[in-house]
Structure formats: structure tokens, C-alpha cells
Amino acid sequence: MVTVSVKWQKEVYPAVEIDTSQPPYVFKAQLYDLTGVPPERQKIMVKGGLLKDDADWSKVGVKEGQRLMMMGTADEIVKAPEKGPVFAEDLPEEEQVVNVGHSAGLFNLGNTCYMNSTVQCLHSVPELKSALTEYNQLGRSNDLDHSSHLLTVATRDLFNDLDKNVKPVAPMQFWTVLRKKYPQFGQQSNGAFMQQDAEECWTQLLYTLSQSLKSPNSSESPDIVKALFGIEFDNRIHCAESGEESTETETVYSLKCHISQEVNHLHEGLKRGLKSELEKASPSLGRSAVYVKDSRINGLPRYLTIQFVRFFWKRESNQKAKILRKVDYPLSLDVYDFCSEDLRKKLEGPRQVLRDAEGKKAGLKTSGKTSSSTDGDVKMTEAEESSSGSGEASKTTQEVNSISGVLPEKEHHLTGIYDLVAVLTHKGRSADSGHYVAWVKQENGKWVQFDDDNPIPQREEDIPKLSGGGDWHMAYICVYKARVVPM
């Protein structure tokens, strides 16, 4: 690292760090953050002429403490006349975001598409943004390490930057803190940062936020990340050989779609993921034995994350290889079949309300069971009381509302039906190479492809086509949002 000062117009920036292992374009992205001058407009004077995006720092000869001169004009929004038509480009950037219908893209800082696509998908969850906004007020808990605190603040600030800009944002601070917290994302090869697995970035970031967004006093508010993304499982573990059987509960943050020659659809892959074999010591047999683990969902989140298990370790090539098989996935996913009997009973009432509401829209006669909203409310209340509290079918939305400070007139209950709101895709043959892209449904219902700094509008009917089968973009992570009903 070399520290220099940069003079631009009347401003002098005294301590700008240059990472000489990265191309000058990354340095220009830093200056864009400081000055608002886009990299393509920057003219930076160095020995021998102007600094080129792909120049070799060792040949440029920049020295510690050197002052660099930069020329170029910052982006400015031209003010509209007091009277007359107002054009989109004349609006403040916050209003331009609303007008354009999507937030900003993210500059690729050198094989950081895995990080950019993860950030764009999680940025699409408004409840997570709200929780991050409140992070200042919540304060940092005593047992939270400093690097987790810094990563949470960097995530909050980056989300804010995305919401306030229509032009691409350089995520320098976030990337720096992410590498400090998780050094594997700072791995280099031949002087350049290596491509990483987006799912690993997703998991690590979500884990950090799950720790930092807890209230210092756990009785004050629930775990927001668990409420938004946590899936509760009831597991039955049994051994056919010894007859031993046990049960356990666990919370995971994604469902796995296991891919094989028999799997053509997401539903089939998820079903395979609910049953697995494991080998462990059997107390009754006095040796290792094979156990079968059967899992059922007993608690649903507001946002359901699906990971397509496309990568596996290939010993011959000593790298993560990719399964290219096409696996179709729907715009709307019903997970009722994967739920425990207890959860199915709790979902029945809300599902009937949903069917009646959809039937009304279609002009059909509604079911007599829930045609009276009063009767439905009473019956649901009785069911909830008999199942110790509000029940898993509605618990998540109550937790999210309590964090957001929302007090609805009627509680919102989960139905087990989810609608697709984000897809993270991978293009290429290996997890450690290729290209990651985010496809996100905006609040206005339109889809946008975030290919690093380039947001591209997409048609909804094209989103399910990202299902694999070749070298094109294929779904690696899908995010579904719960369809809820007020009761």
C-alpha cells in the first residue's frame, strides 16, 4: 500500500491509499467516492503522462507521500427552471431512484461480482434495511467483536448509498471490512484478488448480521435475521439396524435443492434434501452404523432462501466442479408438503382465507368455512391458543412487525406459499471462476438484472429461464417472499 495526496480543483485529499496489487481502475473508483468524478472522466497526471486504467504500478513509479494532480468534472444535476417541465435527469438522485424504478449498480473492484450480487439480493429485503437503519439506536452489544460491528455499519451505509443513487456505487469500504472480517475473501493469485463462492459470502454476511442485529437485551426484541430467514426443522434420526431413534430441532437459513439425474424441478430437489444418511457411533451396537435423518419444516420465515447445490469438490482437478443440469423453478412456490403435521394444521386457516380471497378476485363463490371473517378470526384465535401462543404460522410476521414498530390492526399469517423476489445466478464451469449476477424484483413489480455496475430491466417471464442446462446464467440462490393474509 502506498499513501498519496490528490489535488483536484481547490480540494486536496491528504491521505489516499493505493493498493498497488490492484489495477489503477480501483484507485479511480476510490477517487470517484471522494470527488464524484466518474473514472472515465478522471485525468490523473503521473510520470510519463496520464494514468491508464490498466497501467502497471511498478512502472508508474508512484512514491509514498507523493502529490498527484487530477482533472475532471464531477457529475452534476442541472437545476430545472422554476417554471416549466421537470425532466427526470433534473431531479435529485433520491427522486431519480424512484423515477427510474431501481437502485444503483455496484462497481466490480476486481473479481467482486460474487459480493456485488449477494449485496443486491439482500438489499431487496426492506425489513433487513429497516433493521440496519435502527442499528445505531440499538447500539453495539458487549459481546459483539469489533470487526462484526464494522461490517454491519458498512452494510448499512452501502444499502443507504444504493438507495440514494442511480449512478454506480463503489463498495470500497464494505469490501475492505469484509476482507478483514473474513480473510478468505482476500485470497490472491498472481497479484489479483481471486473469484469467490457467492454462497459463502452470503452465509458469512448473514451470520454476522444475525449476531449484530440482536438487541443487547434479548427480551426486548427477537432475532431479526432468524425471523426473516430462519427455517425451523424437526428431525427424526433412526437406525434400521439397531432400532434406535431420536428427535432434534435445528434452525437453518436456507433449503438445499440437491441435484441428480432424477431431479428436473426444484420441488423434487427439495424433497431429496429432506432425507439424508449419516454414519455415527451406535451405543447399542458398540460400533458405527448408518442412520437415516428425516426432516420436516416446523417454522417458516418471511423470506425463504433456496440454494441449488451445483458445486462439488472434484478430486481429479482439485477444484469445485459445477453441475450444469437444468432444474426448473417456479415464480410461486408452495412448501406445504414439506411441513410437519403441526405446522400444516396452523397453515390451513390462512390458506383457506387466501383461497377465498383469490376466488373472490376470479368471481368464484367463497368457501362457507371462512366466508364470515368474524368466524374465521374466532376459529383461528382458538387454534392459536390451543397451540401455546400465536403459532409458527404467524410468529414470523409478528416478530418482524415488532422490530419495525408496525402495529397492524390484524395480524398477518403465513400461508406456506412464497413468491420469487430475487435470483443470484452463476455463469461458468467452476465456483472459483465465471461470473455472478443478481436478478431482483423491484417494489414496482418490475425485474432488474444487476450485472455489477449495469442495471438492465428484464421481463418476468424470462426469470424462470435461468434454470441451467448450458453455459448461460443459471440459478444458484433463489429468494422467495412469503404470501401472507390478515386475520
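**Terms and their grounds**

Biologist: Why is Arg-236 called partly exposed?

Modeller: Arg-236 has a relative accessible area of 33%. Buried means under 20%, exposed over 50%, and partly exposed in between, with a 1.4 Å probe and protein chains only. Arg-236 is therefore partly exposed.

Biologist: On what kind of model does this rest?

Modeller: The model is predicted, so local features need pLDDT of at least 70 and side-chain atom pairs count only at pLDDT 80 or more, while totals for chains, interfaces and linings use all residues. Residues are numbered from 1 along each chain as its sequence is written, and side-chain values use heavy atoms, with hydrogens and water left out.

Biologist: What makes Arg-236 and Glu-245 a salt bridge?

Modeller: Their closest N and O atoms are 3.1 Å apart. A salt bridge is a side-chain nitrogen of Lys or Arg within 4 Å of a carboxyl oxygen of Asp or Glu, so Glu-245 and Arg-236 qualify. Side chains of opposite charge can pair when their charged atoms come close. Glu-245, at 52% relative accessibility, counts as exposed.

Biologist: How many salt bridges does the structure hold?

Modeller: There are 20 in the structure. One of them joins Lys-181 to Asp-145, with the closest N and O atoms 3.2 Å apart. This pair links distant parts of the chain, since Lys-181 is in helix α8 (residues 172-181) and Asp-145 is in the loop between α6 (135-138) and α7, 36 residues apart. Asp-145 is partly exposed, at 34% relative accessible area.

Biologist: What makes Arg-459 and Glu-461 a salt bridge, and to which network do they belong?

Modeller: The closest N and O atoms of Arg-459 and Glu-461 are 3.7 Å apart, which is within the limit for a salt bridge. Salt bridges link Arg-459, Glu-461, Asp-462 and Lys-465 in a network. Arg-459 is partly exposed at 49% relative accessibility, and Glu-461 is partly exposed with a relative accessible area of 49%.

Biologist: How do you know that α4 is roughly perpendicular to α7?

Modeller: Helices are DSSP runs of H or I with at least four residues, strands are runs of E with at least two, and both are numbered from the N terminus. The axes of α4 (residues 113-123) and α7 (residues 146-164) come within 11 Å and cross at roughly 75°. Angles under 35 degrees count as roughly parallel, over 145 as roughly antiparallel, 65 to 115 as roughly perpendicular and the rest as oblique. Helix α4 is therefore roughly perpendicular to α7. In α4, the contact (heavy atoms within 4.5 Å) is made by Val-119, Gln-120, Leu-122 and His-123, and in α7 by Leu-158, Phe-159, Leu-162 and Asp-163.

Biologist: Is Gln-42 buried or exposed, and how do you know?

Modeller: Gln-42 has 5% relative accessibility and so counts as buried. Gln-42 lies in the loop between α1 (24-35) and β3 (43-46). Leaving aside residues up to four places away in sequence, Gln-42 touches Lys-28, Leu-31, Tyr-32, Val-37, Met-70 and Met-71. The C-alpha atoms of Gln-42 and Tyr-32 are separated by 8.6 Å.

Biologist: Which residues make a nonpolar surface patch, and what is its area?

Modeller: Met-45, Leu-50, Met-69 and Met-71 make a patch of about 360 Å². Leu-50, in strand β4 (residues 49-50), is partly exposed at a relative accessible area of 46%.

Biologist: What is said of phi at Asn-190 and Asp-452?

Modeller: Most residues other than glycine have a negative phi, and most peptide bonds are trans. Asn-190 is not a glycine, yet its phi is positive, about 55°. Asp-452, also not a glycine, has a positive phi of about 55°. Asn-190 lies in the loop between β6 and β7 (192-193) and is exposed at 83% relative accessible area. Asp-452 lies in the loop between β19 (447-451) and β20 (454-458) and is buried at 9%.

Biologist: What can be said of the chain as a whole?

Modeller: The protein chain has 14 helices and 21 strands. Of its 487 residues, 46% count as buried. Among contacts between residues at least 6 apart in sequence, 67% join residues at least 24 apart.

Conventions:
Patch = residues over 30% accessible without salt bridge, like charges linked within 9 Å, V, L, I, M, F, W, Y side chains within 5 Å. Areas by Shrake-Rupley, 256 points an atom, 1.4 Å probe, with all protein chains shown as cover. Axes fitted to C-alpha atoms, helices over the stretch in contact; angles between N-to-C directions.
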